[in-house]
Structure formats: structure tokens, C-alpha cells
Amino acid sequence: MGGFGDRMKNGSEPRTLYGIAASPGIVVGRILVLKRRTRRAGRYHLPPELVEQEVERFRRAAAQAERELVELRRALVRDIPDSLSIIDSHILMVKDRMILDRSVEIIRREQVNAEWALARALQRIKKQFGRIDDPYIKDRYEDVKYVADRVFGLLAGRETDPLADVDEGVIVVAHDFSPEDTLRMSSEKVLGFLTEKGGLTSHTAIVARSLSIPAVVGLEQVTQLCATGDTLILDGFSGRVYLNPTPDQVKQYREYARQHRAFSDEMAFYIHLSSETLDGMTVRLAANIEMPDELQSVLRYGAEGIGLFRSEFDYFHREQTPDEEMLYATYRELVSVLAPMPVTIRTLDVGGDKFVDKLPSAMVCPGQERNPALGLRSIRFSLREPSLLKTQFRAMLRASAHGRLRILLPLITSLSELQRIRSMLSRVMDELEQRRIAFDRNVEVGIMIEVPSAVIMADVLAGEVDFFSIGTNDLIQYSLAIDRSNQYVAHMYEPFHPAVLRMIRQTVEAGHARGIEVSICGEMAGDMISTPVLLGLGVDELSMRPSAIPYAKRLLRRSTSRQLAALARDVLGCRDGGEVRNLLTGYLPRHYPEEFGSL
Ligand code: PEP
Ligand code: MG
């Protein structure tokens, strides 16, 4: 392991980074960057009489490495039996001829120092592994390297433990850890791990999971982007990392972390129970996700489908716009894994606060305008660049043959806009039919209700679609005229503004009058404080981050439909957001003492 990184290298700009969620949990804390260890072995020619001494020095270091591993294994045998096999394989490796005999052979033949010989042996092993295609086997080269590194360390003399001087919990950031490094960090000093290397099955990920330490891996260059002392939020559920977060983000994530800790024991119990009130009213609790990798969380937390798949991710951080085959593979995976549960895929929602790095050069780049929230965003961009939308439609329709796929159109503001999209969809369907490609002709099509005009026209729009999904994030932004990403007006962003609550009610009524389902998929749906209100307003589905689902389910199962409806009536009688919050501060602890006792 290396030393401390430089402080505040990149200023304190907030940044969101996306990695692979390797071990669940949320932590907020200061970071400790461990610099990459660069071992440069010099080459020294030895006089013949010193060669055997050098062999002996090497053997002693290897034997010491073995003893340390055996010792570590003994110390961990009770706590983490799952990870012992990794240490076992390293114990075998340190004795294996691949490292041991080869290095000795090189010392003798070339009359060189042990460090140089070990580096040469490692180079050869790397070449051999490089010829193998299997990624699992390729990954095992990392094990050989960890073991060799340990021997290197012993040859060079021990390094000090970088965590020794740390007196509070830190999030450790590094290029990579050996499993043993990870295990040694299983103290109260380490809140979480973040690495540049590694995937879900890397050792860091496996060990972090068995130690129940939240971790995100595969975040390229992260050690360059942050510095020791920076604050960071690590979300081991979604793989998201917020570097230098805003105070609001910190507050929100501390609350998520608190909820998670309080709940984790009970969760297993709730995920298998149905989502219904004490008197049998059912509400579908679905998941919002952005990447297929999150499917595991969808299943783990007992979601009853995907209420919102934000399809933008496939378009971010890529050299090329994804083609039909790529999108089809993603959508098909989601739909077939979750069948017969519904999977709601939203068409590309770029612009506004969502920027795409690379679009075909002839296309206008959304989000660059003076007023992007009111500009060429979302469905407007799709109408301007229909080729992208058609590709998505083709991929979605083909995937619809494998389960229950629902198409969701964002930011619809008028009937004519919706009709233009629907006729484009019909043409794509005709084309697929002509080519005899299988798809579900009755695939459900819904719209997001995100702007006041859609709420006001909801009775008309309801006649043209199969479901509504209320995007409260944008609905609040557009109805209260609050830019959702502007910190200066963030305090005015009020989900409980009666205008917002009335719009939700109006949308639900308009949808139900036409017999279609109404869902909510904005952040509000996963916020425990608003859950009873939204349930009382009569929604059919709440879609939220997967880890929030068990909480919502527990609330639902402790409620009756009458009680929820009465709450909604009272809330709708309030004259502003403050009144609603006061009402809830009294109501929630009374009805749900376990959840809200501390309010
Ligand atoms: C919303 O606006 O509420 C929503 C779910 O969409 P997004 O946050 O992706 O804009
Ligand atoms: Mg939106």
C-alpha cells in the first residue's frame, strides 16, 4: 500500500461518478487516497559467491509471506469464512513453482538480485496469462501479482500501515487492493472502499461484501480526481459516487444511510410479503434503474417490476451512439429476467440537466441552450432527431416479444405531440411486421406527466395511452418554476406544495376515469415521508430506488385504505407546503411510531 495523496487537488467542485456497485450500503465521509505502489526493481549483477545467499534471502521472504498468510487466515477463520478460499489460493501460490522456482532459476542463471528475478518471473507469467481468452483465468493473474507484491514488500523491508495514523472512519480510495489489504482494513477505520480496478467478481468486491463494507469498483482514474481529505458519498447500491457533495446531498444520503442501517435486519422479511394494506388494497412497488447491472438490486429488494428504466445511460460516456442490437440486448435482458413483471422503458430523455457526450455530429446537441430546461430536451429532441427514437422503438418492440415491456414517453406537453410519436411508433411496427420480426402489437404505451399542461389535459391524454407515470421531479420544477439543479432556489423546491399535490390528485382521477393505471416515479415516490400521502392520493404504482422498496412496503402493510384516504383529504385541505409538513409531523409518529417516532 502507498501513502497519503495530495490534499484538495481538484478544488471542491461537486461531481457525480458512476462505477460498479460492488457491496451494498451508503457511507458519507472523508477519503484517504492510497497511491499506487510502483515497485521498480533495479538489476544488480552478483559475484558468483553471493548467488546462493541471494537465493536464500529470496526463499526466506517467500517463507515469511506464507507464514503471514497462514496467520491472517487463522485470524479471520471465524469472521469471514467465505473469503478464506482466496487466502488459501494465495498460500498455495507463494509455494508454487510459477513464482518460487522460476525466480530462483533466474537468480542462479543470470546471477542477479532477487527483486529483479521476481520481476522477470512475473513478466513471463503475465505473458502466459495474456494468451488466455477466458476473463476469469485472466483475472487470476492479479492473484499472482498480489502474492509477488507481498514477497517484494518483504524483500524491500516492511512499509508502514497508512491507516495507522487515521483516527476516524475514512473511505479508502485506491487503484486496487489485494484481498489481504482489504481484509486488514476490516476495522472501524474503514467506512467504505472505492477502486479504479475490478468488477463485481473481483476480490475486492467479494471481500467487501463478506465484510459488509460498502464498495464501488471499476471507477477509472478516481485516484486522480480526488484527494485525501475530500468529502465523498459512496452509494454501494447504485454504484454512484458523489465527490465534494452539496450539503443537501449529504443530508439526503445520511438519511438514506440511517434508513438502511435501521432496516437491514428486517428487510429479508418484507421482500417476500405482498404489497397491500391491512384491508387488502394493493399497490405495485416497482424500481427505478439506469443500468441493467442494477437488476440484482431489483430482485434483491423485492420490486414488482421496473417502473422507470432511464435509458440515457447507454448513450453516456460512449464513443458511438448505441445501435439497435445493443439496445435490444439490454432491453431483452431486463424484460426476460423480470417476466411476467412489467418493465417500463423510457425513451431517451436528454437535455435539461442530462447531457450526452457524443451524438452523431450532424445532430443538435441538447442542453447547450441558454435555457435548457425549457429547450430542446427529452421528447422534443427525439422528434427533431427521429432516427434515434426509431432505433429505440425497434429495439423496444423486439424486446416486447420476451415479456411485458411498457414504453414510456417523457415530457409530453400536448395531444398533437403524443399523436406524432404514436404514428411514428405505428410505422415502426408496420415495418417490423413486414420483415416478419416478432413483437407485441399491443405493447403498452404510457406518458410521463411532468408539466402542468399535461396535468390539465390529462383527461384528454388518458384516452390515448395505456398508463400515466407522474415524474414529480420535473412536475415540481415546471409548476413551481424552480430549476431542479439550481442550489440558490433549492430551498423552494417543495414536493408538498398543495399545487403539486392537487396536480397528482387530478392526474390520478383523470387516469382512473379512463380506466388506466397511474404511477409516480419521481424521487418523492421513494421518500418515506411522502409515501402515505401518495398512497392516499390513490396511485396504482410507486416506483423508486430498489433499496427504498421494503420501507414503502412496510408502511403500506401497516396502513388501511380508509386511513390513507383520510390523510390525503386532510393534506389536500392545506394551504401551503408548511401546513402539510406540520400536519405530517403530527400524523406520522402517531400512525407509524416505529418509523417516525423521532420526527
Ligand atoms: C421525474 O422528472 O420525476 C423523473 C422521474 O424523471 P427524471 O428525474 O429522469 O427527469
Ligand atoms: Mg423527468
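A closed barrel of eight strands, in the order β9-β10-β11-β12-β13-β14-β15-β16 and with parallel pairing, is found in this predicted model. Neighbouring strands of this sheet are turned against each other by 25 degrees on average, direction ignored. Helices (H or I, at least four residues) and strands (E, at least two) are DSSP runs numbered from the N terminus, and two strands pair if DSSP finds at least two bridges between them.

The model is predicted, with local features requiring pLDDT of at least 70 and side-chain atom pairs counting only at pLDDT 80 or more, while totals for chains, interfaces and linings use all residues. Residues are numbered from 1 along each chain as its sequence is written, chains are lettered from A and ligands numbered from 1 in the order in which they are written, and side-chain values use heavy atoms, with hydrogens and water left out.

**The chain as a whole**

The chain has 23 helices and 16 strands. Of its 599 residues, 54% count as buried, where buried means under 20% relative accessible area, exposed over 50% and partly exposed in between (1.4 Å probe, protein chains only). Among the contacts in the chain with a separation of 6 or more, 70% are accounted for by residues 24 or more positions apart; contact means heavy atoms within 4.5 Å.

**Strands and helices of the barrel**

Strand β11 (residues 342-346) is joined by five bridges to strand β12 (residues 404-409), and the two run parallel. In this pairing Arg346 has Leu408 of β12 as its bridge partner. On its other pairing described here, β12 is joined to β13 by four bridges, again in parallel, with Arg406 opposite Glu444 in β13. In general, strands of a sheet pair through backbone hydrogen bonds, either parallel or antiparallel.

Strand β13 is mostly covered, as six of its six residues are buried. Glu444, Gly446 and Met448 lie on one side, Val445, Ile447 and Ile449 on the other, and both faces are covered.

Helix α18 (residues 498-513) lies across β13 (444-449), β14 (467-470) and β15 (517-520), running at about 155 degrees to β15. Axes are lines fitted to C-alpha atoms, for helices over the stretch in contact, and angles run from 0 to 180 degrees between N-to-C directions.

| Helix pair | Axes come within | Crossing angle |
|---|---|---|
| α17 (residues 472-480) and α18 | 10 Å | roughly 125 degrees |
| α21 (residues 561-572) and α22 (residues 577-591) | 10 Å | roughly 160 degrees |

At its angle, α17 is oblique to α18, whereas α21 and α22 are roughly antiparallel to each other. Angles under 35 degrees count as roughly parallel, over 145 as roughly antiparallel, 65 to 115 as roughly perpendicular and the rest as oblique. The crossing of α17 and α18 is right-handed, and that of α21 and α22 is right-handed; a crossing is right-handed if the near helix is turned clockwise from the far one by less than a right angle, and left-handed if anticlockwise.

In the second pair, Gln563, Leu567, Asp570 and Val571 of α21 make contact with Val580, Leu583, Leu584, Tyr587 and His591 of α22. Here the division is six nonpolar, two polar and one charged. Ala, Val, Leu, Ile, Met, Phe, Trp, Tyr, Cys and Pro count as nonpolar, Asp, Glu, Lys and Arg as charged, and the others, Gly among them, as polar.

**Buried sites elsewhere in the chain**

The buried residues of helix α3 (residues 100-110) are Leu100, Arg102, Ser103, Val104, Ile106, Ile107 and Glu110. Just after α3, Gln111 takes a positive phi of about 55 degrees.

Glu115 is placed in helix α4 (residues 114-130). Glu115 counts as buried because its relative accessibility is 17%. Beyond its neighbours within four places in sequence, Glu115 is in contact with Ala41, Glu54, Arg57, Phe152 and Leu155.

Gly25 lies in the loop between β2 (20-23) and β3 (26-34). With 2% relative accessibility, Gly25 also counts as buried. Its C-alpha atom is separated by 7.8 Å from that of Ala215, 190 residues apart along the chain. Not counting residues up to four places away in sequence, Gly25 touches Pro214, Leu234, Asp235, Gly236, Phe237 and His260.
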